[in-house]
Amino acid sequence: MIRDITIGQYYPAKSVLHRLDPRVKLVSTLLYLVSLFLFRSIAGYLTATLFLIGIIRVSKVPVGYIVKGLKPVVMLLMITVVFNLFLKKEGEVLVQVWRLSVTTVGLRNAVYMAVRLIYLIIGSSLMTFTTTPNELTDGIEALLSPLNKIRVPVHEVAMMMSIALRFIPILLEETDKIMKAQQARGADFESGNIMQRAKAMIPILVPLFVSAFRRANDLAMAMEARCYRGGEGRTKMKPLRYKGRDLTAYGIMSAYVIAVVAIGRYVPLKVWIF
Amino acid sequence: MSIRLEHLNYIYSPKTAYEKHALKDICLEIPDGEFVGIIGHTGSGKSTLIQHFNGLIKATDGKLFYNEENIYEPGYNMKNLRNEVGLVFQYPEHQLFEIDVMTDVCFGPKNQGLSTEECKERALIALELVGLKEKYYHSSPFELSGGQKRRAAIAGVLAMRPKVLVLDEPTAGLDPKGRDDILDQVAYLHKQTGMTVILVSHSMEDIARYADRIIVMNHGEVMYNDAPRAVFAHYRELEQAGLAAPQVTYIMHDLKERGLPVDISVTTVSEAADEIMKALGGKDLGNTAAENRALRNRTPEAGALSNKTLEKIR
Ligand SMILES: Nc1ncnc2c1ncn2[C@@H]1O[C@H](COP(=O)(O)OP(=O)(O)O)[C@@H](O)[C@H]1O
Ligand SMILES: [Mg+2]
């Protein structure tokens, strides 16, 4: 069902990762994502995998829940893999079907690309799973605050991002309700050709847009009624402060990045073509 | 012909932190032609329960029989089930989408594969039934007031001519007049066509007035499943479940405690008036009989149908 989409959602649990300062998690996620592109060898991937498994264990988010979050991107993944698989002409030819050929380089690229994409998604979902939208906003705002100097409205940008994140589950819930209501009136979203299916979306999209605008309007009113006027001079109930564990986390993260790059580049492990 | 649930369980988001056992071992039967009220506090599982009736959600465990056929058998005709069991969701006005009211009401019949003329005809009857004024038929549904939208949306389900009509808190957020209008209309339809009606509500008064039988839900379980009188006799337990019996029940209990020999099981105001008169030695006001007669012959203010139209619906 549509409610299974978990990208960008918070998953309540009691773990060290949940307690970490959001700035640490934001920076670490960024580092992890970048690190995935700094090597292309199996030793590096093994290291990145072990690290990711470790983090998942620490986060206490069920693996099944994380895997479910990957479902919506399966399509994208397939396209990437197929393109990489067939469009590379270098390397030895492994399989030849009519004019399409799979080469060693193509296969290697396809597999690496798929793994990278999956790790990218898991890595960033882990951040949102363990960080509430409020914390995330605070973290982004704190990290981007230097940009205030060049007149970027950092608080407003962060606020917009967190509202957008907060609205994902609300809109999904709404979509679910509307879909069911139209199904109760005999609507059919599953059969027919592409045109028919696209047309079948209208009874969902129109009420969804109407409700999104209504909600946005209500939210704006509610904020106005409580005298919200942006970030200037605004203080926080829970200001962000680094604790011991945050520094440890930074340490572990730096060690990982150094290790993965070193191993990925200099450990000459080779398995078949990888 | 009936809806029968056997040991039905439903769990939302199983095996996650959001896991919620919303329905626990529900066993129920709703025979044809009955007017059933479902009542329970917010979050007791009413909406979850009724979405099982037309197969919108599939039970985690257990069976659901519609006309003695298990709807979870592979190959069961869900489309047909949805044609026969019409479900009006809470705040149904949020599902309106067409350019005008008429077209929106035609959406259901059109999905049933009916011809344009037939859709139109059904839509007209349905709109007349819910008492929406003719001048609104060709306005955008988004221009209507809340109560009018609600009527249009209910018409959208009625136009499909369901055999079982399920309404999820159809009166939530309406003013008392709008509430009575809609419920009277539903009762009228029930009386005239013999349609099964399942009404979800958390107003005891509403349910007491219309339902033949009341199902009380509490924390995902069926707490009571009985005639209104029998259910309201448990008014202390109902209070513990976050509900209340109709005010009449409290008055009658108080009177009895203070020594007036009244029947404490009456559920409506007119019955109570008769009872009190009798106990005081006065003559029978005949209120109950009069009300029953009125209900039977009731032609609601708006949208009473001509005999010819009624003939068609039946
Ligand atoms: N889509 C959903 N996902 C998870 N939990 C839900 C969902 N819908 C309802 N619930 C939970 O299931 C329980 C029953 O809800 P519901 O059937 O809507 O109750 P009612 O209609 O009686 O107010 C509630 O505790 C509610 O929080
Ligand atoms: Mg409900």
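**A walk through a predicted two-chain model**

Let's start with chain A, where buried residues make up 39% of the 274 residues. Keep in mind as you look around that this is a predicted model.

What is chain A built from? It has eleven helices and two strands. Taken along the principal axes, the C-alpha atoms of chain A fill a box of roughly 65 × 60 × 40 Å. Now think about which parts of the chain touch each other. Among the contacts in chain A with a separation of 6 or more, 75% are between residues 24 or more positions apart.

You'll find it in helix α6 of chain A, which covers residues 104–130. Is A:Asn109 buried or exposed? Its relative accessibility is 12%, and because buried means under 20%, A:Asn109 counts as buried. Which residues does A:Asn109 touch, if we skip its neighbours within four places in sequence? Those partners are A:Arg40, A:Asn84 and A:Lys88.

Next, let's see how the two chains meet. On one side there are 21 residues of chain A, and they are in contact with 24 residues of chain B. In chain A, the residues that lose the most area to chain B are A:Lys180, A:Ala184 and A:Arg185, which together account for 37% of what that side buries. As for the total, chain A and chain B bury about 2,000 Å² between them, with 61% of it on carbon and sulfur atoms.

How many salt bridges does the rule find across this interface? The count is one. To see a salt bridge up close, go back to A:Arg185: its side chain meets that of B:Asp104, at 3.1 Å from N to O. There are also five residue pairs in polar contact between chain A and chain B, with both residues at pLDDT 80 or more.

Which helices of chain A supply at least two residues each to the side that touches chain B? They are α8 (154–184) and α10 (202–225). Of the elements, α8(A) gives the most, with seven residues. Sorted by class, this side of chain A has 14 nonpolar, three polar and four charged residues.

Finally, have a look at the aromatic rings. A pair of them is described by the distance of the centres and the angle of the planes. Over all chains, the count comes to 13 aromatic pairs. One of them is formed by B:Tyr10 and B:Tyr12, with 4.9 Å centre to centre and 85° between the planes, which makes the pair edge-to-face. B:Tyr10 is buried, at a relative accessible area of 12%, while B:Tyr12 is partly exposed, at 28%.

Another edge-to-face pair is B:Tyr235 with B:Tyr250, at 5.4 Å centre to centre and again 85° between the planes. Here B:Tyr235 lies in helix α9 (residues 235–240) of chain B and B:Tyr250 in helix α10 (residues 247–257) of chain B, so the pair ties together parts that are 15 residues apart in sequence. B:Tyr235 is buried, with a relative accessible area of 7%, whereas B:Tyr250 counts as partly exposed at 24% relative accessibility.

Methods: Residues are numbered from 1 along each chain as its sequence is written. Chains are lettered from A and ligands numbered from 1 in the order in which they are written. This is a predicted model: local features need pLDDT of at least 70, side-chain atom pairs count only at pLDDT 80 or more; totals for chains, interfaces and linings use all residues. Side-chain values use heavy atoms; hydrogens and water are left out. Contact means heavy atoms within 4.5 Å. Buried area is the accessible area (1.4 Å probe) that two parts lose on being put together, summed over both. A salt bridge is a side-chain nitrogen of Lys or Arg within 4 Å of a carboxyl oxygen of Asp or Glu. A polar contact is a pair of N or O atoms within 3.5 Å; within protein, one must be able to donate a hydrogen and the other to accept it, and residues adjacent in sequence count only if both atoms are side-chain atoms. Helices (H or I, at least four residues) and strands (E, at least two) are DSSP runs, numbered from the N terminus. Ala, Val, Leu, Ile, Met, Phe, Trp, Tyr, Cys and Pro count as nonpolar, Asp, Glu, Lys and Arg as charged, and the others, Gly among them, as polar. Rings of Phe, Tyr and Trp (its six-membered ring) pair if their centres lie within 6.5 Å; planes under 30 degrees apart count as stacked, over 60 as edge-to-face and the rest as tilted. Buried means under 20% relative accessible area, exposed over 50%, partly exposed in between (1.4 Å probe, protein chains only).
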